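Subject: Structure handover

Hello,

Here is the structure I promised to pass on. My notes on it follow below.

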Amino acid sequence: SLVFAMPAKQKAPRQAEEAVDEALDTSDGNVILPGSEWEPPKMVIKPPDQVQRLTEKDLNEEHTRVLKADNPQAPDNLARFNHKEKLYKFDPTVDQTAITLSLEGLLLHVESDDLKRQKVTEDMEKEAILKEAERKKAEGVEADADDARGLRNQFNFSERASQTLNPGTRDRSTITEPPASVEYAAIATQWEIYDSYMEDQERQKQAKEKSKAKKSADEKADEKHNADESDDVVHSEPVGNAAKILERMVNQNAFDDITQDFKYWEDASDIYREGEGTLLPLWKFQAEKAKRKHVTSIKWNPSYDDMFAVGYGSYDFMKQGSGLICGFSLKNPSFPEFSFTTETGVMCLDWHPTHNSLLCVGLYDGTVCVFDVHQTKNLPIFQSTVKTGKHTDPVWEVCWQEEDLAKNLNFFSVSSDGRVTLWTLAKNHLEYSDVMTLKLLGSAGAEAQTDDEASLCGLAGGCCFDFNKQ
């Protein structure tokens, strides 16, 4: 309903002209409320669309409402990411629990482990108090009246206060000589400003001409180089790929009989050799750079069954030279697929199990390095140095490991200097950490040796290692 207040100066409606002591109903459904000394009479106007008064039947009618245990504030359109299907899906399960009050209590269940531990602690404290009291009684020492450990509220509080002397503040000042100053004076006339402006314009013009001349010379050189490359079709990259495919096809035709023997050859006389067999030589791989070098390690590629890497060095430790790494393929036994040279002999190598282009290598001088066979440069992408903790003796074995939590590639190495080291491929360098140091077991009389003597002769050289796959 709407309530209108009528000021005293305005003319009230006809129904409110006379003073009333109680509320009156008018013929059109409105209600006149009585006024007071401070307020004029009020008329409550009934809107035309207001519901009429309910009858006795309407009042006695029952309206059934069903109350559910659902939270009306809980969301019903939750979407969660499904890691298995790699997409967002609507979750039909909605938590309808609404917590209005949560308090952490101090009560413990009689059968809980916490209560048992608390009882054991209290019993131990009581036993300790009783033993202390018996000890004092046996020694003839009277119990302290202020000792409150036997009471339920075990407080023994003593207040202590002290006042310290605050150090006084000190002011320190100094006088320095002022910096030297120079007075400069000049007169800027209009013609001097004009001459300086013209000189600057001429200087900018000459700089632009020089840059244009240099740019035109570079463009001419690039055009000449592109023209030479376009004319030299024989040494272009598409012709190189086609030549490699053609070379493999020629080698497969030339070594077809060896391929057939590799697939189907079987010596029938092996059935008469009990516990023995026949070894048939197939391919022979060689490289011009590998002459007068020893084959120190061979490793098959885990992803490509026809490719393997060979490390060349020297087991004659008195005559050491440079090393060589060659990659051969059964599809082209006449020439290596790639080759890298090293400063010292190669002693071991290993392919990465998932990144099939990475090859870690251990050298004679204790250096470990990582090569990428996709690169054409004859340089490793990672290499250890004296500053980064390289070995001091030859590296006899290297082995890749699974990636760590930070998804960094890493591998292990063992050397005859007694160190087993973990190498991690960082952004642009190798980070090392010594996993263990191999030491010789001393005899019974070696206990009297000093630490310096043990550090000099107590290290053992490592030549190989292996990891449990499980």
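**Overall picture**

Of the contacts in the protein chain between residues at least 6 apart in sequence, 40% join residues at least 24 apart. Contact here means heavy atoms within 4.5 Å. This is a predicted model: local features need pLDDT of at least 70, side-chain atom pairs count only at pLDDT 80 or more, and totals for chains, interfaces and linings use all residues. Residues are numbered from 1 along each chain as its sequence is written, and side-chain values use heavy atoms, with hydrogens and water left out.

The protein chain has six helices and 18 strands. Both are DSSP runs numbered from the N terminus: helices are H or I with at least four residues, strands E with at least two. The chain holds 470 residues, and 21% of them are buried. Buried means under 20% relative accessible area, exposed over 50%, partly exposed in between (1.4 Å probe, protein chains only).

**Helix α2**

α2 covers residues 113-139, which is 27 residues. From first C-alpha to last it reaches 39 Å, close to the 39 Å expected at 1.5 Å a residue. That expected span is 1.5 Å times one less than the number of residues. Gly140 follows α2 and has a positive phi, near 85 degrees.

**Strands**

Two strands pair if DSSP finds at least two bridges between them. β5 (residues 79-82) and β6 (residues 87-90) pair antiparallel over four bridges. Arg80 stands opposite Lys89 in β6. The two strands, β5 and β6, form a hairpin with four residues between them. In that turn, Lys86 has a positive phi of about 60 degrees.

There is also an open sheet of four strands, in the order β11-β12-β13-β14, with antiparallel pairing. β11 (346-351) and β14 (382-383) are at the edges with a single partner strand each, so one side of each has no neighbour in the sheet. Five bridges join β11 to β12 (residues 358-363). Cys348 has Gly362 in β12 as its bridge partner.

Ser357 sits in the loop between β11 and β12. Is Ser357 buried or exposed? Its relative accessibility is 11%, so Ser357 counts as buried. Leaving aside neighbours within four places in sequence, Ser357 is in contact with Trp351, Phe371, Asp372, Val373 and His374.

**Pockets**

I used a 1 Å grid over the protein atoms alone; a pocket is an open set of points where a 1.4 Å probe fits, with protein on both sides within 12 Å along at least five of seven lines. Lining residues have an atom within 4 Å of a point. Points are joined across faces, edges and corners, and a volume is the space filled by probe spheres set on the points.

The largest pocket holds about 560 Å³. It is lined by 22 residues, with Lys244, Glu337, Phe338, Val373 and His374 nearest its centre. The elements giving two or more residues to this lining are α4 (237-254) and β10 (338-342). By class, the lining of the largest pocket has seven nonpolar, nine polar and six charged residues. Nonpolar covers Ala, Val, Leu, Ile, Met, Phe, Trp, Tyr, Cys and Pro; charged covers Asp, Glu, Lys and Arg; the others, Gly among them, are polar.

The second largest pocket holds about 480 Å³. Its lining has 24 residues, with Asp350, Cys399, Trp400, Gln401 and Lys469 nearest the centre. β7 (294-300), β11 and β15 (395-401) each give two or more residues to it. β15 gives the most, with six. This second lining has twelve nonpolar, five polar and seven charged residues.

Best wishes
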